[in-house]
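Visitor: Hi, I'd like to talk through a structure with you. Could you put it up for us?

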Amino acid sequence: MSELITAELVDLDLSAETKSAAARSLAGRMVEAGRVTDLDGFLADVAAREAQMPTGLDGGIGIPHCRSEHVTEPTLAFGRSAEGIDFGAPDGPADLVFLIAAPTGADDDHLTILSGLARRLMDPGFTGALRAEGDPAAAAALIRGEEVPTAVPDPVDTAAERETAEPFRIVAVTSCPTGIAHTYMAAESLEAAARAQGVVLDVETQGSAGFERLDPAVIAAADAVIWAHDVDVREKARFGGKPVVDAGVKAGINRPAELIAEARRKAERGEVVGVADGPDEPGSGTGGSAGVSGHFGVRLRTYLMSGVSYMVPFVAAGGLLIALSFAIGGYEIASAKSVADHFVWGEAASWAALLNQIGTAAFGFLVPVLAGYIAYGMADRPALVPGFVGGAIALTIDAGFLGGLVAGLLAGAAVMAIQRVKVHPTLRGIMPVLVIPLLASIAVGFLMFIVVGKPIASLQNALTDWLNGLSGSNAVILGVVLGLMMCFDMGGPLNKVAYAFAVGGLADPTPGSLKVMAAVMAAGMVPPLAMALATTVRRGLFTRTEQENGRAAWVLGASFITEGAIPFAAADPLRVIPSVMAGGAVTGALSMAFGCTLRAPHGGVFVVPLIGEPFLYLLAIAAGTAVSTTLVVTLKGTRRNPEAAATADDGSDVAVAA
């Protein structure tokens, strides 16, 4: 196993002025070291991760990081900037920049090293030593942990300052989407804040290297729970009956003392909102609904998004395989004989049939997976069986995508109802693995087969007939609505609803559902493409950071990654969001009016050969991009900083008034 960082991967005089330039400079060192195979591909992955959430941390630290297929082995590059680089941290620019590159199949040993680094970044002695070090080799050794910096002494714990009462006890869970850095930094920050307050705190880090469960006795003794997470906390039922503080992982890093204080207040009030009572054994309690608080609409959206998020990989894999099979063998390949009975190695049609049948098999899981994980989002693992069973029944009775939605909600509700029944302690062990799945499956099966299944199937058929009959103004109106939804929150709930509506139709494709899929993908490409074009034609209206993001947005937009426009919308929502919505509406309307179709659920411009009316499709995207670009440039220009005119041509930073 190669060393994670070497002297060649250290730049103590990093001259980059933007985070994109810093990432490129450090990634170039990784390429030279043979750790990264494709510089631009890797940087696109870094930009996509950065678009999800800024990676700047308090204390002058930037930690851009991602998993990428272009990384050969886990690698860390370090740069030190004299001027500082804006990574979006609340307290200002970062002078210490750590670029973390992990391959898609990174091993646990390397991830453990990375998690250790993430924790050490919260140590002022460690960061202070890095700021003072003048030798790249020594800096690399320090980062590897081979040299120990002078420790910052802990506050003196005098007898007068010790509390005689039993200490307040907290258990915490930290997790982030990548599971490499923020997860462990939040844990370290919470532990440090707890020590300063005399609080006993135990943390479970649910990172990429897996997680070691907290001892049930420790959880039972805790007075409160803190979840600092950006992905679902696993096995939530263990924390049932405790006061819970539910926050994002960056709050755990930047505001640990506030979270601990809130946990104290909730414990004093006896507040256990959002966590229902239940046993502590994994998977045996109330599960996924724990921590999902708020009004019914918020909870319902959370449940549905849980199902959609697990369904999307099946959509992507199955849909692209089917689309590829059509590209090789034509649409008639869908009626080919089973490759289990007839396969010729040297025949292109056999390979096309193989891809089509694998993709079709993957698509067969869409509705059961949707239903199963909606139920999982409501009631955790005990709800998976009735959820999958309900989804399979939905396919059996031709209730389709709508049937899967209803089956998932019914399964989750049935499990939650059963969990409210008090049982003898001796039965608790078999409840989640036998009793709950059995009873809930019977209930869901009865409801789907006998009660609600046929009406839902009729509604599904009516929706299919309506989509197939769409023409003229009706099709255009639907295209406008879908375009607005795709561009309003750019990867958020409305975007996901529109996307789920489109991919649901691909499970049983019809001319109408293929038009919907085309309109949704076309509209979703507009926001990043429009911002990329705007930063190209009117650079002076955007900051240096936005100009760098604009270059990455070309690739993200062309790849149908709508989230590439999020940094622009976050910085200037009142002008960016209405502009991209208008462009998305135009694109969606034109795509529907042109009768464009799409059999692939993803891919952007890379699946244009598989699109019906491809030239008109590209024209619709270009028109929407032009509309959004014109609007955003016009709106920004009306509120432009008076000093921008002097700097518009030289590319310097321009502050745009909000």
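Guide: Here is a short chat about this predicted model.

Visitor: Great, what ground rules apply?

Guide: The model is predicted, so local features need pLDDT of at least 70, side-chain atom pairs count only at pLDDT 80 or more, and totals for chains, interfaces and linings use all residues. Residues are numbered from 1 along each chain as its sequence is written, and side-chain values use heavy atoms, with hydrogens and water left out.

Visitor: How many helices and strands are in the chain?

Guide: The chain has 24 helices and 12 strands. These are DSSP runs numbered from the N terminus: helices are H or I with at least four residues, strands are E with at least two.

Visitor: And what share of the residues is buried?

Guide: Of the 658 residues, 51% count as buried. Buried means under 20% relative accessible area, exposed over 50%, and partly exposed in between (1.4 Å probe, protein chains only).

Visitor: Let's go to H1 and H20. At what angle do their axes cross?

Guide: Roughly 55°, with the axes of H1 (residues 19-32) and H20 (residues 544-558) coming within 8 Å. H1 and H20 are therefore oblique to each other. Axes are lines fitted to C-alpha atoms, for helices over the stretch in contact, and angles run from 0 to 180 degrees between N-to-C directions. Under 35 degrees is roughly parallel, over 145 roughly antiparallel, 65 to 115 roughly perpendicular, and the rest oblique.

Visitor: Which residues make that contact?

Guide: Lys 19, Ser 20 and Ala 21 of H1 meet Thr 545, Glu 548 and Asn 549 of H20, where contact means heavy atoms within 4.5 Å.

Visitor: New topic: where is the kink in H15 centred?

Guide: On Pro 437, with a kink of about 30° in H15 (residues 431-451). The bend at a residue is the angle between axes fitted to the seven residues ending there and the seven starting there. Pro 437 is buried, and the buried residues of H15 also include Ile 436, Ala 440 and Val 444.

Visitor: How many disulfides turn up in the whole structure?

Guide: The search finds 0, a disulfide being a pair of cysteine sulfur atoms within 2.5 Å. Cys 66 is buried at 2% relative accessibility, and Cys 596 is buried at 0%.

Visitor: Last one: what is the phi of Asp 398?

Guide: Asp 398 has a positive phi of about 60°, although it is not a glycine. Most residues other than glycine have a negative phi. Asp 398 lies in the loop between H13 (384-396) and H14 (400-419).

Visitor: Is Asp 398 buried or exposed?

Guide: Asp 398 is exposed, because its relative accessible area is 53%.
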